[in-house]
Amino acid sequence: MQNTANAAGTDGPELVDTAPLVEDLYPALAELREAGPVHRIAGTDGRPAWLVTRYEDVRRLFADPRLALDKRHAAPGNYSGFSLPPALDANLLNMDPPDHTRVRRLVVKAFTPGRVEKMREPVRRVAEELLDAIEPDGRADLLAAYAGQLPIIVICDLLGVPQRDRRDFRAWSDALITPDPARPGAAKEAVGSMLRFYTELIAKKRAEPADDLLSDLIRVRDDEAGDGGGSGGDGSGDGSGDGRLSEDELTSLAFLILLAGYENTVHLIANSVLTLLDHPTALQELREDPSGLAAAFDELARYEGPVSLGIRRFPLEDIEIGGVTIPAGETVLLSAASAHRDPAHFKDPDEFNPHLGRSGHLALGHGIHYCLGAPLARMELETALAALLRRFPGLRLDVPRERLRWRPTIRARGLISLPVAW
């Protein structure tokens, strides 16, 4: 993998060309990992960033309190990232303790294994209904017709989004995650649409609360702000005290739960289906004994997980990784995809084997930022695959394998489409 010239006005090592990470991800990561534990690349916002490639470093840094998520710790001019309005930007992906601890505590109970298990039967019914709709056709884009539909129905039901108000979240998320160079204004339009949607939804839930997660969060926000919490006790709530949400934090929580609960699960399901189609022996074993899907989750998430990079981080002080000093405030990107194929930690990492019981994948994060929706993601994948494998015993790719295309981004790992037949 070749280095490229530094961006204008930047100092330090030459930037590594990231094009191979889009064109042929795992061989490109293997080359970087072998060459060294950390490399300077053009980050997801086009500015220089440090990419960490080896498992032990990635896992350790996921939980290292010296690496902040709060963008205020970025050095001036070092990071741009998404341009989100405050009402969407005050989310857990931009927070460090104590704010992160306070906000996370208010929502984590919604995703406990016990509560999620109660959702399994409703999710199974949704999966069956989606498969009913496509079964007569004999072929489908499984990403659009199934993997892309199930998660949005599940997360909307959890939050309490009425059927009539469900929008094209795939278009919005694609505009943010994989922006189209031919449509430079699409991301800004998507942000505006999302802000209007969440603002209107919260107003409706305030007027007509129900038995759902968003109504619960609104009650927490309004009851505690009304008790005098917040700036001036006027109900605005700045979220600075223990147990309180500001209005921006409330809107940002709804935004994050819906977007993250949808986006990553879509590609977790689609990637897992492709992995099993590539490994027919494992597919047949799981079809005959779907109870093995729970144990297969970790290997599916490791082998072809939907998250290539963890959320960017900013060192609070100079840190050293493998003899390389990264200055405070610069952008650090932790490559989960590279860590998952590191032979220093996983035996035969480029092989898929659900029987090995390989533990320690980072597809759901690690440390205090471990995915709060992990139990829901596990249940959705198990349920989606069990229904699919049972209903379609002749499932196969409907195009040559080499014609499948991955989304052109180094941030996430997801297919553009998954044409199948049965």
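A charge sits over a ring if NZ of Lys or CZ of Arg is within 6 Å of the ring centre and within 35 degrees of the ring normal. Here the charged end of arginine 341 sits over the ring of tyrosine 26, 3.7 Å from its centre. This is a predicted model, in which local features need pLDDT of at least 70 and side-chain atom pairs count only at pLDDT 80 or more, while totals for chains, interfaces and linings use all residues. Residues are numbered from 1 along each chain as its sequence is written, and side-chain values use heavy atoms, with hydrogens and water left out.

**Rings and charges**

- The structure holds seven aromatic pairs (rings of Phe, Tyr and Trp, the last by its six-membered ring, with centres within 6.5 Å; planes under 30 degrees apart are stacked, over 60 edge-to-face and the rest tilted).
- One of them joins tyrosine 79 and phenylalanine 314 edge-to-face, with 5.2 Å from centre to centre and 70 degrees between the planes.
- That pair links distant parts of the chain, 235 residues apart: tyrosine 79 is in the loop between β5 (67–68) and α4 (86–89), and phenylalanine 314 is in strand β7 (residues 314–315). Helices (H or I, at least four residues) and strands (E, at least two) are DSSP runs, numbered from the N terminus.
- Both tyrosine 79 and phenylalanine 314 are buried (under 20% relative accessible area; exposed is over 50% and partly exposed in between, with a 1.4 Å probe and protein chains only).
- Elsewhere, ring pairs link Trp172, Phe197, Tyr198 and Phe255 into a cluster.

**A buried threonine**

- Threonine 251 lies in helix α13 (residues 247–278), and it counts as buried because its relative accessibility is 6%.
- Leaving aside residues up to four places away in sequence, threonine 251 touches Ala87, Leu88, Tyr198 and Ile202 (contact means heavy atoms within 4.5 Å).

**Cavities**

- There are four cavities of 30 Å³ or more. A cavity is a set of points, on a 1 Å grid over the protein atoms alone, where a 1.4 Å probe fits but cannot get out; lining residues have an atom within 4 Å of a point.
- The largest cavity has a volume of about 70 Å³ (the space filled by probe spheres set on the points, which are joined across faces, edges and corners).
- Its lining includes Leu21, Leu25, Ser308 and Ile410.
- By class, the lining of the largest cavity has seven nonpolar, two polar and no charged residues (Ala, Val, Leu, Ile, Met, Phe, Trp, Tyr, Cys and Pro count as nonpolar, Asp, Glu, Lys and Arg as charged, and the others, Gly among them, as polar).
- The second largest cavity holds about 60 Å³ of space, and among its lining residues are Leu21, Leu25, Ser308, Trp406 and Arg413.
- Five nonpolar, three polar and two charged residues make up the lining of the second largest cavity.

**Backbone and loops**

- Proline 97 and proline 98 are joined by a cis peptide bond, with omega about 5 degrees; proline 98 is in the loop between α4 and α5 (99–107).
- Aspartate 348 is not a glycine, yet has a positive phi of about 45 degrees. Aspartate 348 is in the loop between α16 (336–339) and α17 (374–391) and is partly exposed, with a relative accessible area of 41%.
- Glycine 46, in the loop between β3 (38–42) and β4 (48–52), is partly exposed at 47% relative accessible area.

Definitions and conventions: On a 1 Å grid over the protein atoms alone, a cavity is a set of points where a 1.4 Å probe fits but cannot get out, and a pocket is an open set with protein on both sides within 12 Å along at least five of seven lines; lining residues have an atom within 4 Å of a point.
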